Amino acid sequence: MKRHRNVKIVATLGPASNDYEMIRALHEAGADVFRLNMSHGDHSEIKVRHDIIRQVEKDLDSPISILADLQGPKLRVGVFKNGSEELVEGASFRLDLDDAEGDVNRVKLPHKEIFDALEPGAHLLVNDGKIKLRVKDCAANFADCEVIVGGTISNRKGVNVPDVTLPLAALSDKDRKDLEFVCDLGVDWLALSFVQRRADVDEARALVKGRAAILSKIEKPNAVKSFDDILDASDGIMVARGDLGVELPVQNVPPIQKQLVRKCRAAAKPVIVATQMLESMIDSPMPTRAEVSDVATAIYEGADAIMLSAESAAGSYPIEAVNTMSNVAWEVESDPTYTDIIEASRRSGGKTVADGIVSAAREIAETTDVKAICCFSQSGTTALLVSRERPRVPIIALTSHITTARRLCLSWGTNCVVTGEVNRFKDAVINAVRATLAQNLATEDDMIVVTAGVPFNTPGSTNILRVAPCAERLIYAADHE
């Protein structure tokens, strides 16, 4: 399904978007990727949503990407005898491993790993940072804290520990079961929560065994510090601004977002900007001006995708939220300033033949009247390199592997087409011409650029470029000269 924009839209499914009619409507409105949140819904519910997406894909003959988002370890306090207590600034409060119900002086924190990592002076944030504690004394089974910012603390509120690297694996027992389940289902992307180090990604990759691409969520300060290693080990990145904005000063998040997006683009790996993008549209058919500006900023920065969470999963206006994102993208990408910013932030590619081919394709497209860049890509690597260039003309990614087409649905500007296997470059050119004409991106009087690798069906072998006419008779005539 041809989009009149380059940035992709990720829509989370949930109670508000559970049936065939709604999921199809969301895709037709502009959702390119559907997110299955493993924190909500059991395996039977997840399977139903997955099957509906694949039915919509089949009915519309349009590749759709599915992203399964693992929950990650959840750090929470225990329960209180009275359900909640009011913590006052300056008061003392203990966290410990005692099973007794909590009161105004203490509560259980059932995570021994936290106590093992804590040191005096470290901070703990409770309930999305609304309560702030500072550790005064600690041991293997308790932490005596001073209340720095008070407030109401209640049963099972979340805890963040921003100052230390926790000796916790990114994959809980639940995550491992969920990972196997969604990989067997056939999801395209697997999002990892609670990533702190490269080893977390490596562990997941060993379990995935090539069944899905791996996307690391950057939501911990230590993930920001180790970002280069995490990016190298990952297939894609999500800038998950929720926990990131809790564990870091909120003013740090915008520059971090900008830095991470640029690094992902330089590495030719897709990046999603997520969390609270159109939060008010959970209850309102109209977003705030600040939210529209936030979405626009992510697009100006060159993000591959922007994401809806509760807006499409549980909100009252899921289709309106997708339409809003799509309309903002259209306006931003029509702005000459957008092109100036994107091209000014382009870094020179690597030194491989493939890097040279895609750079040349983009330059040809910008200096001639070429209508599209068509790339044959079995593994998706060539299409990712073309996407990194952010060309001014449409990108058509042709592949004989449906899994590759689905994964590329997350990448900036890629129009994914599943085609039969080809053994000769002329056949590749013919398929590219037909795909371009079918998507109304050119007429028979126009020209396109075609890139491919010879021999075919060899990942990473891009080594040929041709400027081809869109009239098939001219292609056959040229080959007989």
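1. N440 is exposed, with a relative accessible area of 68%, because residues over 50% are placed in that class. The model is a predicted one, and N440 belongs to the loop that runs between α17 (425-438) and β20 (447-453). The backbone deserves attention here: phi of N440 is near 55°, a positive value in a residue other than glycine. Most residues other than glycine have a negative phi.

2. D128 likewise has a positive phi, near 60°, and is not a glycine. The residue sits in the loop between β7 (123-126) and β8 (131-138). With 53% relative accessibility, D128 counts as exposed, since the cut-off for that class is over 50%.

3. Rolling a probe the size of a water molecule over the atoms shows where empty space is left. The structure contains 2 cavities of 30 Å³ or more. The second largest cavity holds about 50 Å³ of space.

4. Which residues line the second largest cavity? The lining is formed by R265, A268, K269, P270, D304, L384, S387, R388, R390 and S411. Helix α15 (residues 381-389) supplies the largest share of this lining, with 3 residues.

Notes:
Residues numbered from 1 in each chain as written. Predicted model: local features only at pLDDT ≥ 70, side-chain atom pairs only at ≥ 80, totals over all residues. Heavy atoms only, no water. 1 Å grid on protein atoms, 1.4 Å probe; cavity = no way out; pocket = protein on both sides within 12 Å on 5 of 7 lines; lining within 4 Å. Points joined across faces, edges and corners; volume = space filled by probe spheres on them. Helix = DSSP H or I, 4+ residues; strand = E, 2+ residues; numbered from the N terminus. Buried < 20%, exposed > 50% of the residue type's maximum accessible area, 1.4 Å probe, protein only.
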